[in-house]
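Colleague: I am new to reading models like this one. Could you take me through one part of it closely?

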Amino acid sequence: MSVVTGLRNLSQQTLFKKGDVFVLFGELFGRGYANGLVNEARDAGLTLIGMTVGRREADGSLRKLNDEELAAAEANFGGKIINVPMMAGFDMDAPAGTPTVTSLVNEMGLKTWQEDKLDWAHVEACRAVGVARFKAAVTEAMAQLDGMIPDGANVFFAHTMAGGLVKAKVFLAIANRIYKGRGDRFMSSQALIESDLGKLNLMNFDEVTANTFGYLIEGSAAIRARVEKTGGAARYTAYGYHGTEILIGGEYYWQTYTNYTQGYAKKRLEDIAKAAWDKGVKATVFNCPEIRTNSSDIFVGVELSLVPLLNALKREGCGAWGEAQWAACEALLQEGHSLAAILEQLDTYNQDPVMVGFRNFDAWPMNNTPELADRMIGTSESITAMHKERTALITDHLSGVVIEATGPLMFNEAAQPSGPVLWLSHDVIAKQLAKLHG
C-alpha cells in the first residue's frame, strides 16, 4: 500500500490574527465540516466573508439571494456574504434554445438507462456554458472581495464546494440500489460508471468538487499578489476524502468506504492542490474522516468507520472527557447492547477478508460487490437497530466531535502547511481533542 501523508502533530499557528480575512468559497448549509473551520476563524477574530450558490427559479434560471434570503444566510454564517450566485456544475446549463443535460437524463428510463446514450458534443457544449458562467461569477465576486481585504492582511480561502449529482428521478432510484441495496436489490457501481449516465455524473463531479478549487486559485491571483506584496499571505484549503486511518485490531490502518463514486473527483482535487503548490501557492487538501452529514447519508455504511474513534480517544489520552464521550454514546443504546460489543463487532467486520480486500490504497476508489454490500449494509442496519432512536445515533454524536477537531487542525496547519495533500486520521483527531479538552 502506498504511504498516506498523515498529519501527525498539532500545529501551533502564529499567522492568522484579528483583522485578517476568512473567505468561505461556498455556502454554509446545515451540518458539515465547514462549520468547524468557520467557528475557528470566528474565534480567532478574522473577518468572515462568504459566498452563495444562489437560488434556482421554477424555470431553472439562477438568481441572487433576495433580501430575506441574504439576511438569513448572513445570520447563519455570521459575516458578510457576497451576493453573486456561484452554483457550480453544468447540469442546468445549455446553449440558448437547447436542452440541459438534466432534461435529457430525465428522459432516460429505469429499465433502459444502461443502454441510453447522450450526445457528447452537446454535453461538452453545456459544460462550456456552465464553466464560463461560473468563471464570470468568480471574477465578479473577486472584484467585490478585493475591496474588502486591506493591504497586508492574511487571507484564508476555504473551498467547500462538493457534490455534483445530476438531479434526475432515474438516478435517485439507481443510487438507492448502488449505495443502499443488497441481495436482490444490489446494483453494481461499475455498471453506473460504464454507462453514459455515470460518465456524465463523473464530469459534473469534477466541475463541482475539483475544478472549482482551480477556478478559485486562478480567480484570486490578483488579491493574492497584492496582499503578498504588502506583507500578508494567502492560504487555500479544500475538503477531501480518500479513506481514513482508524484503529483495527489495535493498530492504525487505512480503510475506506466503497463505492465512493465521487472519489475520482476528490483525486482530481488533490492534483489541483499539487499543481498550485508546485507554483508556490500554499494550497492544501485535507482528507477528512468519514462522518454523517446531510450529503453523506445516502452512503449506508460510511458511518461504520467512525465508531472506532472511541478507542482512539483512549489511545491518545483524552482522559475524563474521552470517558464522557463513551458514556454519552452508551446512553444512546437500548438496554442489552453495549459499546464494547459494537466495537468488537466492528473489529471483526474490518478484519473480514472481504473488507480487507478493499483496503487497497492504490486501487481507490474501487467498485462495490454483492459480498461487500451484504457485510457493510447489513452491519450498518444491525448497529442502527441497537439504538433507542434512529434519529439519535452514536455516529451523530461522534460526527460533531470530529468536526470540532478538524476546524483547529486545518486552521492551524494552513498557516504553514507541510504539503498539498494531508490526511486527518483518527490519531491526530484524537490528539486535537485531547488538547482541547485535556
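What percentage of the 438 residues in the protein chain is buried? And once that is clear, where is Asn201 placed, and which residues does Asn201 touch?

Modeller: Happy to! This is a predicted model, so local features need pLDDT of at least 70 and side-chain atom pairs count only at pLDDT 80 or more, while totals for chains, interfaces and linings use all residues. Residues are numbered from 1 along each chain as its sequence is written, and side-chain values use heavy atoms, leaving out hydrogens and water.

To your opening question: buried residues make up 55% of the 438, where buried means under 20% relative accessible area with a 1.4 Å probe, counting protein chains only. The chain has 16 helices and 11 strands; these are DSSP runs, with helices (H or I) of at least four residues and strands (E) of at least two, numbered from the N terminus.

Now for the close look. Asn201 sits in helix H7, which covers residues 196-219. Its relative accessibility is 2%, so Asn201 counts as buried. A polar atom of the Asn201 side chain lies 3.1 Å from the backbone oxygen of Leu197. Leaving aside residues up to four places away in sequence, Asn201 touches Gly164, Leu165, Val166 and Phe171, a contact being heavy atoms within 4.5 Å.

Stepping back to the whole chain, among contacts with a separation of 6 or more, 81% come from residues 24 or more positions apart. The C-alpha atoms fill a box of roughly 60 × 55 × 45 Å along the principal axes.

Technical notes: Buried < 20%, exposed > 50% of the residue type's maximum accessible area, 1.4 Å probe, protein only. Polar contact = N/O pair within 3.5 Å; in protein donor to acceptor, adjacent residues only side chain to side chain.
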